[in-house]
2 protein chains.
Amino acid sequence: MTTTPAHELKTRISSPETRDRLLLEVEKRMHGFLAQQRERWSADKVSDTLVPIDAVAELLDAGGKRIRPAFCATGFLLAGGEPDDPVIVDASAAVEFLHAFALIHDDVLDDSPLRRGTPTVHTKYAALHASAGWRGESRRFGEGVAILAGDLAYVFADSLAADLPPAARQVWDELRAEMIIGQFIDVKAAAEFTVDPDLARWIAVCKSGRYTIHRPLLLGAAIAGRMDLSPAFEEYGVALGEAFQLRDDLIDGFGTSTATGKPTGLDFDRHKMTLLLALALRRDDRVRELVTQEEWDSELLSALLIETGVRADVERRIERLVEQACEAIDRAPVDEIWKTELSSMAFQVTHRDR
Amino acid sequence: MTTTPAHELKTRISSPETRDRLLLEVEKRMHGFLAQQRERWSADKVSDTLVPIDAVAELLDAGGKRIRPAFCATGFLLAGGEPDDPVIVDASAAVEFLHAFALIHDDVLDDSPLRRGTPTVHTKYAALHASAGWRGESRRFGEGVAILAGDLAYVFADSLAADLPPAARQVWDELRAEMIIGQFIDVKAAAEFTVDPDLARWIAVCKSGRYTIHRPLLLGAAIAGRMDLSPAFEEYGVALGEAFQLRDDLIDGFGTSTATGKPTGLDFDRHKMTLLLALALRRDDRVRELVTQEEWDSELLSALLIETGVRADVERRIERLVEQACEAIDRAPVDEIWKTELSSMAFQVTHRDR
C-alpha cells in the first residue's frame, strides 16, 4: 500500500468552487480595507483627504477582470493552502491593488482617456481643474493627482502584503520590479520604434507572462509553502503571457471599445511596435513598407493584416501557446481537478473580447 | 538600591558616534542593494533595463541631507537597539529610497528642472527624447520615465523594509500614506489657492513633521521595541515639522540656488500658498492685496515680507518651535546623551541653507 503524500491529501479539500468563494472574500476585503482607510483619514478633519482614496476605489468599482487575484488564489489552493487562511485573501487583494496602481500610472504614460468604461484619473482631474478655473496647468494637475492616486494604491497593496511569509515576499518584490522595468522597456521601445520581435516577446513575457500569470500563481503557492511549483508555473506563464499579449494586440486592432471599456485602435494609431506588428513586419514586406512611413493608415494596416493571413496566423499561434501552457501543467505535480481548471483558465484569458 | 531599567542599560552602549558609523553602513547598504539589482537585471540580456535603476542611483549619488535615515537610526539607538542589527540598516536605507521616490514624483508634479544640482529625471529624459528625435511627445516620455523610476525606487524601499517587525511595519504604512495624502492636499490647495494658515500648518505637520521626523524616529524605536516613545516623538516632530517647513519657505524665498542645488523663488513665482505666505497674509493687508492680484512681483513680495517684519517674526517662531521640540524630548524617558543629540539635530534641521 502506498501512502498519499500530504500535499495531495490537502489539495482534495479545495476545488475551483472553493476558489470562487475565496475570491468573493477578496472583493469584501478590498472594500473593507478602503472603508478602514476612509475612516482613518476622515478623522483628520481636513477636507479632500478622501479624494485619492476614492480615485482608487472608483477604478476598482468600475469592474475589471480580476485575473491576477484568480491566479493567486488558484496557485494557493492547488498547492494545498487552507481556504480560510486570511493571508491568501490579503495577498489576492494586494495583487489587485497593485494592478490599480499600474493601470493609473500606465494611463498617464499612454495618455489614455478611458478605462473600464469611465474617464481615467488624470483625464477626470484635468477636466475638473479646467472647469473650476484653478491655478496652474490642468494637464499637470490631472496627471499629478493620477501619480499620487497610483502611489496610494501601491501603499494599500503593500499594506495588504504585510503578512507574507519570506519566500512569498521575494516573489512579491520580483513581481513589482519586473512590472515596472518591463513597462519602462515598453515605453522606450515605443519611442525608439524598435522593430524587434524578440524584444517585443521579452516585454510580453515580463508584463503579461510573469506579472499577470506566473508570479500571481507562484505568490499563492509560496504562501502555501510550495515554491517547487515555480518551474511549471513559469513555463505555463511564459507561454500564456505571449498568448495573452497577442490577444490584447488583436483586441486593440480588431475589437470594439464597447466590449473593452477603453478605446481600441490606439496601438495602430500611435504606431506602437506591438508583438503582433513585430511578427507581421517579419512576415510581409507590404506591412514593413506601410509602417515605416511617417504617416500611416490604420484601416489599411488592419486590412493588410487580414489579407496577408497574419491575423489568422496569430490566432493559430495563440492556440499553440495555450497547448504548450497546458502541457507544462500536465507534467507538474498538481491534482487533476486543478489541471483541468488551469487549462480552462488558459483558454479564458486568451479568448476574451476585453 | 534601585535597579536600572534594562532599556537604560542598553542605551549606554551607543552614542551619536555609533549612529554616525551606522549611517555609513546605511550608505554602503544602499549602494550594495543597487549593485545587486544591476546584477539581477543585467542577467536578462535586454539593453536599457538598467536605465531606471541608474536614474534612482544618480539621485542618491548627487547627495542629499539624509535627514530621515539619521532620525531613523537615532530613534533606534536611543531606544536601546543593538547597533549591529541589520534590520535598522535596511530600514534607514528604506526611508532614503522612499524619499528618492517622493522627490522624483514631486519634481514631475512641480515641473522642477533641478534637484541636488543636477537635472531632474523627467527633464533629463525629455531632453534625451527630443535630441534623439524619437516618436511621441518628449514631455510625456520624460515624465513617464520619471514616474517609472520613482515607482522603482518605491519597490526598492519596500524590499529593504521586508524584515520590519509588525509594529514597525504599521509605522511604515502610516508614513507612506501620510506623505502621499499630504502631497495631494498640498497640490490641491496650491491649485485652489486656498488661504488658510491652519491647512498650511496641517500640510507642514503631515509632510515634514510626520514624514521627515516623527515617523522615521518612531520607525527606529519600533524596531527596538519601544513604541512607548511615540507621544514624545510626535510632539517633537510636529513642532519641528512646522519649523522645518518655515525654514524651507524662507530658503525658497530668500536663499540662493547655489546653496540648495535647486532653483529658489519658485514658491513666490508660482503663487504657492506656503505656510510663510499664509502667516504673512494674516498679518499684513499689503501682502494680501499683492498676492490676490492675477500677476504679482516676487521681488516686491520679498521686500514686503522683510519690511513688515514677517521674515523676522518667522525666524522667532522657528526658535520657539525648536524650544518646544526640545522640551518634549526633555520630558521623555530618554538618556541625557540622546536628549542633547536630539536638541542639536533640532537646531541643525531648522538652521540650514539648503
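Analyst: In this predicted model, helix 10 (residues 230–254) of chain A packs against helix 16 (residues 310–330) of chain A at an angle of about 160°, and their axes are 8 Å apart. Since angles over 145 degrees count as roughly antiparallel, the two helices are therefore roughly antiparallel to each other. The crossing by which helix 10 of chain A passes helix 16 of chain A is left-handed. On the side of helix 10 of chain A, the contact is made by Ala232(A), Glu235(A), Tyr236(A), Ala239(A), Leu240(A), Glu242(A), Ala243(A), Leu246(A), Arg247(A) and Leu250(A). Helix 16 of chain A answers with Arg311(A), Val314(A), Arg317(A), Ile318(A), Leu321(A), Val322(A), Gln324(A), Ala325(A), Ala328(A) and Ile329(A). Sorted by class, this contact holds 14 nonpolar residues, one polar residue and five charged residues.

The chain that carries this pair has 17 helices and two strands. The C-alpha trace of chain A spans about 70 × 60 × 30 Å along its principal axes. The radius of gyration of chain A is 21 Å, which agrees with the value near 20 Å that a compact globule of 354 residues would have.

Chain A also touches chain B, in a contact that takes 45 residues from chain A and 45 residues from chain B. On the chain A side, the elements that give two or more residues are helix 3 (51–61), helix 5 (86–110), helix 7 (138–160), helix 8 (166–192) and helix 9 (197–223). Helix 8 of chain A gives the most to that side, with 14 residues. By class, the side of chain A that touches chain B comes to 26 nonpolar, eight polar and 11 charged residues.

The axes of helix 5 (residues 86–110) of chain B and helix 9 of chain B come within 10 Å and cross at roughly 160°, which makes helix 5 of chain B roughly antiparallel to helix 9 of chain B. The crossing of helix 5 of chain B and helix 9 of chain B is right-handed. Here Val87(B), Ile88(B), Ala91(B) and Val95(B) of helix 5 of chain B meet Pro216(B), Leu219(B), Gly220(B) and Ile223(B) of helix 9 of chain B, and the residues of this contact divide into seven nonpolar, one polar and no charged.

Helix 9 of chain B also takes part in covering helix 13 of chain B, where the buried residues are covered by elements including helix 9, helix 10 (230–254), helix 14 (285–291), helix 15 (298–307) and helix 16 (310–330) of chain B. Helix 13 (residues 275–283) of chain B is mostly covered, with seven of its nine residues buried, namely Leu275(B), Leu276(B), Leu277(B), Ala278(B), Leu279(B), Ala280(B) and Leu281(B).

Thr194(B) lies in the loop between helix 8 (166–192) and helix 9 (197–223) of chain B. Thr194(B) is partly exposed because 15 other C-beta atoms lie within 10 Å, whereas a residue counts as buried at 20 or more. Leaving aside neighbours within four places in sequence, Thr194(B) is in contact with Ala189(B), Leu199(B) and Met273(B). Thr194(B) and Thr274(B) are 80 residues apart in sequence and 10.0 Å apart in space, C-alpha to C-alpha.

Terms used. Residues are numbered from 1 along each chain as its sequence is written. Chains are lettered from A and ligands numbered from 1 in the order in which they are written. This is a predicted model: local features need pLDDT of at least 70, side-chain atom pairs count only at pLDDT 80 or more; totals for chains, interfaces and linings use all residues. Two residues are in contact if their C-beta atoms, placed from the backbone, lie within 7 Å. Helices (H or I, at least four residues) and strands (E, at least two) are DSSP runs, numbered from the N terminus. Ala, Val, Leu, Ile, Met, Phe, Trp, Tyr, Cys and Pro count as nonpolar, Asp, Glu, Lys and Arg as charged, and the others, Gly among them, as polar. A residue is buried if 20 or more other C-beta atoms lie within 10 Å of its own, exposed if 12 or fewer, and partly exposed in between; C-beta atoms are placed from the backbone. Axes are lines fitted to C-alpha atoms, for helices over the stretch in contact, and angles run from 0 to 180 degrees between N-to-C directions. Angles under 35 degrees count as roughly parallel, over 145 as roughly antiparallel, 65 to 115 as roughly perpendicular and the rest as oblique. A crossing is left-handed if the near helix is turned anticlockwise from the far one by less than a right angle, and right-handed if clockwise. The radius of gyration is taken over C-alpha atoms; the globule rule is 2.2 Å times the number of residues to the power 0.38.
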